Every structure is written in C-alpha cells, then in structure tokens.
Amino acid sequence: MTDLHNSKLQGAYLPVEKFRHDSARWTNNALGALLFSKEPFVSSDLNAVATDLPFAQVPMAALDVRSELGSICEVWAADGSFTYGASNGLRYGHNEKILFGAIQLSEADFDTGNVADGGKTPLQRAAESAYAAIFNLTDRLKYPDILRFWNYIADINGHSHGMERYRQFNMGRHDGFLASGHKVTGSVPAACALGFAEGPLTIYFLAGRGVSPIAIENPRQVSAYKYPDDYGPRSPTFSRASVVPLGDVDILFLSGTASIVGHRTLHAGDVIAQTRETIANITAIVTEANRMAPRARFALDDLCCKVYVRNRADVAVIHDELRRLLGASARLMFLEADICRQDLLMEIEATAGHPLEFSIDGAETLANVML
C-alpha cells in the first residue's frame, strides 16, 4: 500500500467525521479541502488540521445507492513544507511544486450600476473577477501550470438578464482568461461546471510549477472551445482532460463528461443510455490520454469518479450500470447536482494515477483504497 506522505499529490474522499477524527494525520500534508454538503457547518469542521487551511463548502448533497443524503470531504494533499495564505478573497495552500486555491464570490457584490453600464451581468462579472484573482495569484507565486479547475454555479440552468446563466458564466470565464493573457483554445486546463440551488460562485483549482500538463481532446466530440454559437456567445474554456507529469508518475484529470457526441446531447430522458454514452466518451478520452502519454497506462477500473446526478432517484440505476461498465474496483462518489445542459441527467469527472484514500460510507465499502 502506497504511503500518502511519499507522493507529490494525493487525494482523499472521506466522511467529514473521519476527516475530523484523523485530523492529526493531515497536519503536515493538507493543501486544501472541500465539503460537499447541504448541511450548515462551522469553519472548525474543515480547518481543524491547520488554522489557515483553505477550504470551501459546495452546497451539494452526497448520495449513496439508496439515494440517502450525506456530507463528504474532499482533501488534496502533498509532501514537503507548506505555506497558507489569502489574497483577493482567495484562500490557498502550496508546497514547492503544487498550489491549491479556492474562491467564493457573491453575485450580489457585482449587482451594481457600473457592472450593468459595462454591459455585463453580475454572474458574468463575478466569474471574470474570480479568474482574474486566480491568475493573478498563480502568476505572482509562480505556479503557471493549471492542472484542473472545478466550477460550481447557482441555478446554472436558470435564466436572468435575458440569458441562460451557464452562458453568462462562460462569458465571464472567457473574459477572465483573456484579460490575464491566457489562451482560450488549444492547450487549456481540464474543468467542470455544475450547478446547485443557491449560494456563492465557487471555484477551486490545482496549479503546478514546471509540470507542463498535456491537454487531451476526445475524438468523439467537438472540442468545447470550438462549440458553435448555438451554445452561447462564448464557448466553454476547457479541454476534455489533462495528463500531468509529476516526477516519475502521470496523473489524469478528466473533465466533466456527459452524453454528448459531436456537440449534441444524445439520449434525452434516458438516464441509462446517457450513462453508457458517457462511459463511451470516457473510454475514448482514456485511450487518447494513453496515446499522448504512453507511460501512463490509465485504465477504466483505476478511475476515481465523481458522478453528478440531476435526479437522486436515478442513483441506483446509474450505480449498477457503472459497476457493469467499469468493474468493481472503480471508485464512485455520487453528488446531487444540476448539469450544465438541461437535457443532461448525469455527468462524470474522474482522476487517476495518484495515491487515493476513498472511504465513503454507503452500499459499497471501499475503505482506504489506494490507486
């Protein structure tokens, strides 16, 4: 079994109670943490490890195969000595190689006359500001290589100011990339964008120094940054996956992946068919990642998957289909979330190649599993 403390980047998915109980073991290697829960909590729930540990709550319920609600803690950790800090509303932690950061912004703070006069919506301006703050930090601290973005947006499928909110977010993200001198096509970071009912715009990320991620596209799909204008004034800014070489290992960050072929949604209303199509896309991405990074040898049954489910009643059938397609060893965590397109019922993101502790309570017992 791999020692978590002997690797440059590790992940963990734990019940909050286990994180609290074992907090001492994270004292010297936690970069940052997330809490997926609709339940209120106090800051000591997640920063018991270190007073300045960066963390954020995402108001999504964790689900098991019986569709029961719960809370899950996601932790990113590494070796070495750590620095924690805060800048422009962004909390971060880093060692010499890896930076974790999280930012949460209220749209109400951007609902001003100046923003409206500039022709932007509050969500658009919040997204632009968040990315400006992130890139300012990565430039200042000299972590230029973005490994992965996670974006969580309130009412992602809703409409305001005459436009779907996900499209507003894409416009703001696009502007934030360009204003900071970053490309919006080609070699762009892996990412996802999911929705919850209400709360602040929440973005967290991992960045590196001298690691040169390899952007991966899916031959079954149009690259997201090349979507036609039908999907909004600005295309989504992400690659389908990235492979990150860290020392003698390669880590896979697979972006949010759904039942889309070309640029169109398939199997509207059929959650099992969407699950199968999603795995067909993931299979194609993993194959392409192995072609681009031959030493990696990623496999479907190595994946740690976050499975976002629009309707909690669908969890059991999605779980059974994923077990059939991925095998018993794949790690599956289910979250109740709105997907970026109204006709999508589920979406999967995944990682592989790094040590992983996965001890989520539920129908399956997967305690302290390491990749």
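Biologist: Which helix and strands each supply at least two residues of the lining of the largest pocket?

Modeller: In this predicted model, they are helix H4 (165-179), strand S13 (190-196) and strand S17 (249-257). H4 gives the largest share of that lining, with 4 residues.

Biologist: How many residues line the largest pocket, and which lie nearest its centre?

Modeller: The lining consists of 26 residues. Nearest the centre are Tyr 166, Tyr 227, Ile 260, Cys 340 and Arg 341. The volume of this largest pocket is about 370 Å³.

Biologist: How do the lining residues divide into nonpolar, polar and charged?

Modeller: The lining of the largest pocket has 12 nonpolar, 6 polar and 8 charged residues.

Biologist: Let us turn to the sheet. What holds the strands of a sheet together in pairs?

Modeller: In general, strands pair through backbone hydrogen bonds, in either a parallel or an antiparallel sense. Here, an open sheet of 5 strands runs in the order S3-S2-S6-S1-S23, and its pairing is mixed.

Biologist: Which strands stand at the edges, and why is one side of each left without a neighbour?

Modeller: The edge strands are S3 (55-58) and S23 (356-358). Each has a single partner strand, so one side of each has no neighbour in the sheet. On average, neighbouring strands of this sheet are turned by 15° against each other, direction ignored.

Biologist: In which sense do S1 and S23 pair, parallel or antiparallel?

Modeller: Strand S1 (residues 10-15) pairs with S23 in the parallel sense, over 3 bridges. Ala 12, for example, has Glu 357 in S23 as its bridge partner.

Technical notes
Residues numbered from 1 in each chain as written. Predicted model: local features only at pLDDT ≥ 70, side-chain atom pairs only at ≥ 80, totals over all residues. Heavy atoms only, no water. Pairing = 2+ DSSP bridges. Axes fitted to C-alpha atoms, helices over the stretch in contact; angles between N-to-C directions. 1 Å grid on protein atoms, 1.4 Å probe; cavity = no way out; pocket = protein on both sides within 12 Å on 5 of 7 lines; lining within 4 Å. Points joined across faces, edges and corners; volume = space filled by probe spheres on them. Nonpolar A, V, L, I, M, F, W, Y, C, P; charged D, E, K, R; others polar.
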